[in-house]
Structures are given as C-alpha cells and as structure tokens.
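Please read it alongside the sequence and the model.

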Amino acid sequence: MKHFASAILVAVLLAVPATISAQTIDNLRPPTKTTKPTAPKKKPVNKWSYKGHYYEGLCEVRDIHEKCGFIDETGKLVIPCAWNSVVCFQEGLCAVEDDKGMWGFIDKEGQLVIPCVWKEARAFNEGLCFVKDEKGKYGYINNAGKVVLPCIWKYANYFYDGLAKVIDEKGLHGFIDKTGKIIVPCVWKDVHYPMYNEGLVSVMDSSQKWGFIDKTGQLVIPCNWADAYFFSEGLAPVMDSNGKWGYIDLTGKLVIPCTWQEVEKFKNGYAKVKNAKGKVFKIDRTGKIIK
C-alpha cells in the first residue's frame, strides 16, 4: 500500500522551460537596407534555486549560493538568505540552521530569538517543539526557548491533541502528555503515525502484528493484521496474511473483505482501490464498486 501523506513540510522545484524561436526565411538571408538583424531574446533568469510553499504568509527561498531566506506574498525578500537550512514558520517562529550546523529560531522579522544551540529542531506545534541536544537525546522547548521536557528520549515527535509519540532507548514507542507524563508506555515496536485519528492509532506488537490502541493505551482492536493504517470516516485499511487489503470499522469488524492489492483512505464516502492487475476502482463504504 502506498503511504498516505501527513504531513507538517512539501517542496516545489521551479523549472523554466527552454524556448525555441522559429526564424522566417527573410531572417535567414543577409540583411538589406530595409531589414535589420533581430537581436536574440534573452531567456528569463530564475532568481531562486528553490522556492517552497507559503506558511503564515512567508515562503522559503534559496539563492544561487544555496542559502535560505523568506519572501512575502508579493515576492519581496523580507528575511535575507543567510541560513544553511530552514523548516517553515509555524506559531510565529521558524527553525533555522547556522553555518556550524546548529539550530535555533527566528521570528517573522528575521530576528534570532532562540539561539542556535540545538543539533536538530523542527516546527512548533501546540506551543512546544522537539529538539535534539549535543548528546543526541530529544526533549521539548517552549516558544521562549526554555527546556520544558528534558532531553531523555531516543526520538520524539510533534504534539497533537496534547499527546506526542516518543521512542525510548530500546527503540520502543509510546506517548507522553505536555507535562512529560507517560500516557502510553513504550511497549510497541512501531506506531504508523505520530497522531491519533478518530481516537485510535495503529501499533505493532512484538510479533510484528498490527492493531489499534485508544488514548489511554488500551488495546481496543487486537494485533491480528499484517499491516494497518489510520481511520478515516470510520474505516481503516488493514492487510491480511496474504498481502491483500480491506477495511475494518471502529469495532475491529472487517466490513470490506481483503481482496485488493492497494487501497487509499476514505474521503467523502469513497476510496480508491487497485486490483492485482493494476486496475483502479472507486468503492463506497459497503465495498460496492462505483461506476
């Protein structure tokens, strides 16, 4: 199954197509008193080597030296291209990497408001941002740059609805709240997404089978599946032992049989599926093919 995209950060490359101008027969002849050679038109020059998407009214750009800055919605450069790398603006701040490979944060004026002292940083979400210290451990800072949750985790992720996925030293996954309290113990070998959908999240147990837990960490749908993804409109894709996909409901009941080679999430009552021959269909919530 193709992975669904989340996401928090997406990049667009700008390519300027080459233009070929046709010349008339007259242009190919030597110039006369009444005709003059026509100067070739200059090809447009792309000002930026890279241009991203707009977040909070600002868009990342890279100059010819591969330094990063930001333009506003009029295209004006408002934050100079002075950084090795940037993330995107979220909650008024943006993570930036300096020439030493260390990360800090700037505001929308381009002022460095949180010093570049972190080995890694991402975007703020729900008032907190996960960062990596010089020992390679992850924790969380607030928008003033203060460490509010110590750097004790092998890896951490964004907060969603008050919970964040963390990974301990054994490589096991769990969830903490904003006080750092462990809400879901780190006992799972994997978690597909760092956030809950419709109150549940898919987890993989020690036998590498997938099921679903709720926000208290209670296993509500047993780990019986070869793979499982998030719920959308009350249905979640699951893979059986034969590598075929179907859908279960929030109770764990298989409501659309596992007969498909690939599937997508449900949206507006429909989902796209693909059979073993590569033919794509659209099905409704009962599994009926829509023509």
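1. Strand 22 (residues 235–239) pairs with strand 23 (residues 245–249) in the antiparallel sense, over five bridges. Strands are DSSP runs of E of at least two residues, numbered from the N terminus, and two of them pair if DSSP finds at least two bridges between them. Pro 237 has Tyr 247, in strand 23, as its bridge partner.

2. The model is predicted: local features need pLDDT of at least 70 and side-chain atom pairs count only at pLDDT 80 or more, while totals for chains, interfaces and linings use all residues. Residues are numbered from 1 along each chain as its sequence is written, and side-chain values use heavy atoms, with hydrogens and water left out.

3. An open sheet of four strands, with antiparallel pairing, runs in the order 21-22-23-24. Its edge strands, each pairing on one side only, are strand 21 (227–228) and strand 24 (254–260).

4. Arg 62 places its charged end over the ring of Tyr 50, 5.7 Å from the centre. Such a charge has NZ of Lys or CZ of Arg within 6 Å of the ring centre and within 35 degrees of the ring normal. Lys 282 lies over the face of Tyr 270, also at 5.7 Å from the ring centre.
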